[in-house]
Amino acid sequence: MSVSVRNVAVVTALGAALAGCAGGTGTSKAGGEARMGTPAASTPASPSPSPGTPGSSAAPRPGAPGKAPTIAPGPNGLTPVFERAKRPADKTVALTFDADMTSDQGPRAASGERFDNPELISTLRTLKVPSTIFMTGRWAEEYPDQAKAIGTDPNFEIANHSYSHHAFKSPCYGLPTLDGAAARADVDRAFAAFRTAGAVNTVPYFRFPGGCYDDQALRAIASAKVTAVQWDVVSGDAFAKDPDAVAEQVLAGVKPGSVVVMHCTRSAAPVTEEAIHTIVPELRKRGYRFVKVSELIGK
């Protein structure tokens, strides 16, 4: 591999600044205290249920978050934040993929820019890698057939990445910022888009656009009863040109219980699918087992 981890870190920072996605942790004192590594007491700490039947014998309602494990609220009822499993029982790792599309990128999609990456999804299926896709509602509207296919495949679970991919905290890489009421509505609108597309295996997890949040953002979405999911390994795939460099960065950062952030957006992350061909067999060689976020939270 020809590019050092240090050089990839520079690319990562640039990509985050340009894409406004997966660029920061946005922590605050109380927000940091809201991070917890154990499930809520009211939620059974068991492996994630089968996506087709999330904890119930009744048929799931498309687009409605399933009964996956969540984390108890933080201080003053703040939305809890999960970054990685604190006490993993074995060498597990969750690969997560942000399917980004902002609410104003329709004209770019109409002109031919591709915000999807069906080759990546196909590779994850072929390699049998359970994954969590953090999808924006706008992406689900642009690619409803793909959203439904992902959202009915037991290999995947769909989590909420907002509807608009606008910021929930300012500043955040130049993204437009939503106020409290608009932020809460944005979360609901994304779940509604998944429902319209026919996705079934959705989970009550949320990823802040750009990874940017503070106490105010955690408070704004508290009533949505979601667990905010961040990460501890940045892949550096945003605008990367060298798949080996992306793989090197992931492999250098993964440890038991890690959450890796990558992208499912062809135009903004063109080498992700190729990098997966290196990452997956190497981590398996090291004894790692791939899981969805719901399994990490359920431990």
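Here are some notes for a first look at this predicted model, going from the whole chain down to single residues.

1. **The chain overall.** If you take the contacts with a separation of 6 or more, 83% are between residues 24 or more positions apart.

2. **The main core.** The largest nonpolar core has 61 residues, and the members that touch the most others are Phe97, Met135, Trp139, Phe168 and Phe208. Which helix gives the most to this core? That would be α7, residues 180-197, with 7 residues. There is also a second, separate core of 17 residues, with Ile71, Ala94, Ala159 and Leu296 among them.

3. **Phe208 up close.** Setting aside neighbours within four places in sequence, Phe208 is in contact with His161, Phe168, Tyr213, Ala217, Leu218, Ile221, Ala228 and Gln230.

4. **Val203, in a strand.** Now look at strand β5, residues 202-206, where you'll find Val203. Val203 is buried, at a relative accessible area of 5%. Beyond its neighbours within four places in sequence, Val203 is in contact with Pro65, Gly66, Ala68, Glu157, Ile158, Ala159 and Phe191. Take Ala159: it sits 44 residues from Val203 along the chain, yet the two C-alpha atoms are separated by 5.4 Å. Ala159 is also a member of the second core.

5. **Gly137, in a helix.** Is Gly137 buried or exposed? Buried, with a relative accessible area of 0%. Gly137 lies in helix α5, residues 137-142. Apart from neighbours within four places in sequence, its contacts are Ser162, Tyr163, Ala190, Ala193 and Phe194. From Gly137 to Phe191 is 54 residues in sequence, and 7.0 Å in space from C-alpha to C-alpha. Phe191 already came up as a contact of Val203.

6. **Helix α10 against α4.** Two helix pairs involving α10 deserve a look. In one, α4 (residues 118-126) and α10 (residues 272-285) pack at about 20°, with axes 9 Å apart. Angles under 35 degrees count as roughly parallel, and α4 and α10 are therefore roughly parallel to each other. Their crossing is right-handed. On the α4 side the contact is made by Glu119, Leu120, Thr123 and Leu124, and on the α10 side by Thr272, Glu273, Ile276 and His277. By type, these residues split into 3 nonpolar, 3 polar and 2 charged.

7. **Helix α10 against α9.** In the other pair, α9 (residues 243-253) packs on α10 at about 35°, the axes being 8 Å apart. The crossing of α9 and α10 is right-handed. From α9 come Pro243, Asp244, Val246, Ala247, Val250 and Leu251; they meet Glu274, Ala275, Thr278, Ile279, Glu282 and Leu283 of α10. This contact divides into 8 nonpolar, 1 polar and 3 charged residues.

8. **The loop between β4 and α7.** Two backbone details turn up here. Pro171, found in this loop between β4 (156-160) and α7, is joined to Ser170 by a cis peptide bond, with omega at about 0°. His165 is in the loop between β4 and α7 as well. The phi of His165 is positive, about 55°, although His165 is not a glycine. His165 is buried, with a relative accessible area of 2%.

9. **Another positive phi.** Phe239 has a phi near 65°, again a positive value in a residue other than glycine. Where is Phe239? In the loop between β7 (233-234) and α9. Phe239 is partly exposed, at a relative accessible area of 34%.

10. **Ala224, in a loop.** Last stop: Ala224 has its place in the loop between α8 (215-220) and β6 (227-229). Leaving out neighbours within four places in sequence, Ala224 is in contact with Arg184 and Val187. Tyr205 is 19 residues from Ala224 along the chain, and the C-alpha atoms of the two are separated by 9.8 Å.

Note on methods:
Residues numbered from 1 in each chain as written. Predicted model: local features only at pLDDT ≥ 70, side-chain atom pairs only at ≥ 80, totals over all residues. Heavy atoms only, no water. Axes fitted to C-alpha atoms, helices over the stretch in contact; angles between N-to-C directions. Helix = DSSP H or I, 4+ residues; strand = E, 2+ residues; numbered from the N terminus. Parallel < 35°, antiparallel > 145°, perpendicular 65-115°, else oblique. Left-handed = near helix turned anticlockwise from the far one by under 90°. Contact = heavy atoms within 4.5 Å. Nonpolar A, V, L, I, M, F, W, Y, C, P; charged D, E, K, R; others polar. Core = buried A, V, L, I, M, F, W, Y, C linked by side-chain atoms within 4.5 Å. Buried < 20%, exposed > 50% of the residue type's maximum accessible area, 1.4 Å probe, protein only.
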